[in-house]
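I opened my notebook for a new model today. Here is what I looked up, in the order I went through it.

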Number of protein chains: 2
Amino acid sequence: MDRRQQKTRTAIFTAFSTLLAQKSYSKITVQEIIDTANVGRTTFYAHFETKDDLLKALCEELFGHIITSALDCTHTHGLYSDRNAPESVFCHLLQHLQENENNILGLLSCESSELFLRYFKDSLNDLTQNQFVNQNRRNNQNIPQDFLINHISGSFVEMVLWWLKDKKKHTPEELDCYFRAVIEPIL
Amino acid sequence: MDRRQQKTRTAIFTAFSTLLAQKSYSKITVQEIIDTANVGRTTFYAHFETKDDLLKALCEELFGHIITSALDCTHTHGLYSDRNAPESVFCHLLQHLQENENNILGLLSCESSELFLRYFKDSLNDLTQNQFVNQNRRNNQNIPQDFLINHISGSFVEMVLWWLKDKKKHTPEELDCYFRAVIEPIL
DNA sequence: ATAAAAAAGAACAATATGTTCGTTATCAAA
DNA sequence: TTTGATAACGAACATATTGTTCTTTTTTAT
């Protein structure tokens, strides 16, 4: 691929991320993005159809490899390796988030965090579902599998939201411990 | 209060709700709202500072009494009246939602449901917190109370989101049953 | 070196925003 | 029922954003 394309694409992503750290998504204009990225108006629209399109692309880039990395983890460990195992996939995810690659946490902490977390939850749903079909789980009370999957990924996302609002006063390991305590009883 | 004020306020709310059923919040313009409500531009800005302000006012109106009603319920029953009791506050909430007063479910089903559910969750947090301070709960594994409160209200909100996406294939009573099954083990 | 592709830059119509004015209609209270 | 207050109207306004179209310049891959 042409280096110029990659360069502007990166410039736009960076500018967008910078702006997201300053103000909410809805208040960011295309004008600001291209000013910050220092690219022409035409160039922006050659890459992305709309601002929403840009957001989607950014999410795919951000959550893409964090999820695939987690998927590798489940292939070796299972959803939770063991009831008393030291780490679960969720701990892995939290650590990955905190490592701050591409400044994901910065983005998730911004005013538009919910926006990102919806994308994140979609990915988590796939991840969790994957686990359920592979493992033949006992279903203790005729709870629909859909419900359980949604409960797990939903709770995780809400936990991350809480974690960030709370200025990350807890370590990924602590959170993992709490999360397993509230999730494992129902598996 | 002047009847005229009440009348335009209602007209704007109704117009806004109608539009929300058709398109996402971000794509609705003030222009459309005043056209639909059939009020002057000046009038709109006399009532609400911005579109965001309107959304906030609508949420307060919608969730205000649904929560106070639930609060009454907790005063008599407790968070869950009893492990085997037929109804919990959450069932009450779900039924209330489904009764379709002010067409809440219609709004929650729209493209901008997350927007509303964030407001809803804030109210739920207060509700849940209220319960925790009144009842002296056993805390089985040193999980922070904040975490538990957030887990409960967060899970509930995510469940409603799932319920709506799923076209409400389940009754409030079924959902309540599932929800208690995943929440009660940790209380 | 050259043809293809990408970015810049300027200009465009269309639309949305929030404000200001003077005018008209409606209300509540005497 | 009159009257003073106030809410709504409507038109106009400057300002800003959007998405598109054009031509010109720069950069790339081969």
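I began with contact, which I took to mean heavy atoms within 4.5 Å. With that cut-off, I find 28 residues of chain B in contact with 28 residues of chain A. A reminder to myself: this is a predicted model.

Next I looked up the buried area. Between chain B and chain A it comes to about 2,400 Å², and carbon and sulfur atoms give 67% of that. Which residues of chain B lose the most area to chain A? I noted Phe147(B), Glu158(B) and Val182(B), which together make up 26% of what that side buries.

Then I turned to the charged and polar pairs. The rule finds 4 salt bridges across the interface of chain B and chain A. One I checked joins the side chains of Lys121(B) and Glu158(A), at 2.5 Å from N to O. I also counted 7 residue pairs in polar contact between chain B and chain A, both residues at pLDDT 80 or more.

Which helices of chain B supply at least two residues each to the side that touches chain A? They are α7 (113-134), α8 (145-165) and α9 (172-183). Of the contributors, α8(B) gives the most, with 12 residues. By class, I get 16 nonpolar, 7 polar and 5 charged residues on that side of chain B.

Last, I visited helix α5 of chain A, residues 89-98. This helix is mostly covered, with 7 of its 10 residues buried. Among them I wrote down Phe90(A), Cys91(A) and His96(A). Just after α5(A), I spotted Asn100(A) with a positive phi of about 70 degrees.

Technical notes: Residues are numbered from 1 along each chain as its sequence is written. Chains are lettered from A and ligands numbered from 1 in the order in which they are written. Side-chain values use heavy atoms; hydrogens and water are left out. Buried area is the accessible area (1.4 Å probe) that two parts lose on being put together, summed over both. A polar contact is a pair of N or O atoms within 3.5 Å; within protein, one must be able to donate a hydrogen and the other to accept it, and residues adjacent in sequence count only if both atoms are side-chain atoms. Helices (H or I, at least four residues) and strands (E, at least two) are DSSP runs, numbered from the N terminus. Ala, Val, Leu, Ile, Met, Phe, Trp, Tyr, Cys and Pro count as nonpolar, Asp, Glu, Lys and Arg as charged, and the others, Gly among them, as polar. Buried means under 20% relative accessible area, exposed over 50%, partly exposed in between (1.4 Å probe, protein chains only).
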